[in-house]
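Colleague: Could we go through this structure together? I would like to begin with the strand pairing.

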Amino acid sequence: MENVKEIDFVTKSTLSNGLRIVTERIESVKSISVGIWVKTGGRHETEKQAGITHFLEHMLFKGTDKRSSFDIALSMESVGGYLNAFTSSEYTCYYSRCLSTQLDRALDVLSDMVLNSSFPEEEIEKEKKVVIEEMKMYRDSPDDYLFEEFNSKIFEGHELGRPVLGYEQTVFDFSRQDLYDYMEDRYYPGNLLVSVAGNVEHAKVVELVSEYFEKLEAKDQNEKEQPLPDFKKEDVKLTKAIEQTHYIYGRRGLNFDHEDKYLLLLVNTVLGGGMSSRLHQNVREKYGYCYSIQTFNQSYTDTGLWGIYVGTDKEYVDHVRELILKELKQMQEELIPKKELDEAKSQLKGKLLLSQESTSNRMTRLAKSELYFGRFVTLDELVENIDSVTAEDIQEFVQGFFNEDYFMEAILLPEG
């Protein structure tokens, strides 16, 4: 083992094969959240593999050499804990939340799933049907359906434009060997990270993780370059048998480490951060044009997504569009009043601090900090960066960022 670093109650170690371990000791709780993170997601797949990362995430719950799928489910539920997992465009996470006394059990089960899954043929065929039903569920949800179409168009020709779930045909074609080959290619120590937050001793975590993972051989992996294609302004217009019209006005956003990311966080809060935000007050409260309007802000390693989503009546779409553009223009032309900016900063910092109440949130923040920055980003650093933003900084930023040439519309209308 090498590279032991400690900041306050956060400690990081790296095993000799490259696997990283980060823990945060929280003495005031009785629980722990344990996550095994894999630096692989939808964007690391080929066209034929579309959806395999997510399918593999499902299959790791279907049995190992020594546990059936029922044994896996019962392993944590029988002691009051739970197991789950999720897949994104850039990472996969298998995690458990349980009492701190169950650390050994949580790591034993999670590592068994990651290292020894057996992929029974009959389970593969059943799970294909499950995942295809999951796709249908999202297609039946108008906002999910529209976001998927918006995303595919804004990143057209790029891996990020594909849905994380893949396509029915690609999922249908997956073989058992495909799963083994993908794991061999992507699940290697340099791509693995174990993150634990709660009432836990770092040394104990390292001891257990070493026991399970140190035999894995280190592997050099050169990530394939994925240059972003030039943005093409091409609006999306769809129809579906629904009652309400769904509308997105958005653009490519900022990557995780962009120098202007704190400016965009505050812009996002002022415009769409809750019921006190400008868009909520002016579109819903003043005119009653919608039930819900909000901004979204997603960051990736090299780019991002930012925009505004609203569900409204088709008769109001033009009015809503006009009000949205008016809000963006006002932010370009006028400084945000000091009181409003201070309140937005307090809102952001309050959410950060409230998120610290959950060991799951802290485990996730630990992992993302390591995956995207290679170090732990402290709350003090976040607060300092938020506080340093001025109204002049924001105005200068949005004068470029709100350029209409970089935005596109996606609209889903009721049929007929």
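Predicted model: local features only at pLDDT ≥ 70, side-chain atom pairs only at ≥ 80, totals over all residues.

Colleague: Which residue of S11 does His246 stand opposite?

Modeller: His246 stands opposite Gly311.

Colleague: And in what order do the strands of the open sheet run?

Modeller: The sheet has five strands, ordered S8-S12-S9-S11-S10, and its pairing is mixed. S8 and strand S10 (290-299) are the edge strands, each pairing on one side only. On average, neighbouring strands are turned by 15° against each other, direction ignored.

Colleague: Do tell me about S8. Is its pairing with S12 parallel or antiparallel?

Modeller: S8 and strand S12 (residues 408-414) pair in the parallel sense over five bridges. Within S12, Pro414 is the bridge partner of Lys240.

Colleague: Changing topic: which residues touch the most other members of the largest nonpolar core?

Modeller: Those are Leu60, Tyr94, Leu103, Met113 and Val209, in a core of 46 residues. Helix H3 (residues 103-116) supplies the largest share of this core, with seven residues.

Colleague: What does Leu103 touch?

Modeller: Leaving aside residues up to four places away in sequence, Leu103 touches Ile32, Val34, Val196, Val200, Lys204, Val205 and Leu208.

Colleague: How many residues does the second core have?

Modeller: That separate core has 43 residues, including Leu263, Leu264, Val310 and Leu352.

Definitions and conventions:
Residues numbered from 1 in each chain as written. Heavy atoms only, no water. Core = buried A, V, L, I, M, F, W, Y, C linked by side-chain atoms within 4.5 Å. Buried < 20%, exposed > 50% of the residue type's maximum accessible area, 1.4 Å probe, protein only. Helix = DSSP H or I, 4+ residues; strand = E, 2+ residues; numbered from the N terminus. Contact = heavy atoms within 4.5 Å. Pairing = 2+ DSSP bridges. Axes fitted to C-alpha atoms, helices over the stretch in contact; angles between N-to-C directions.
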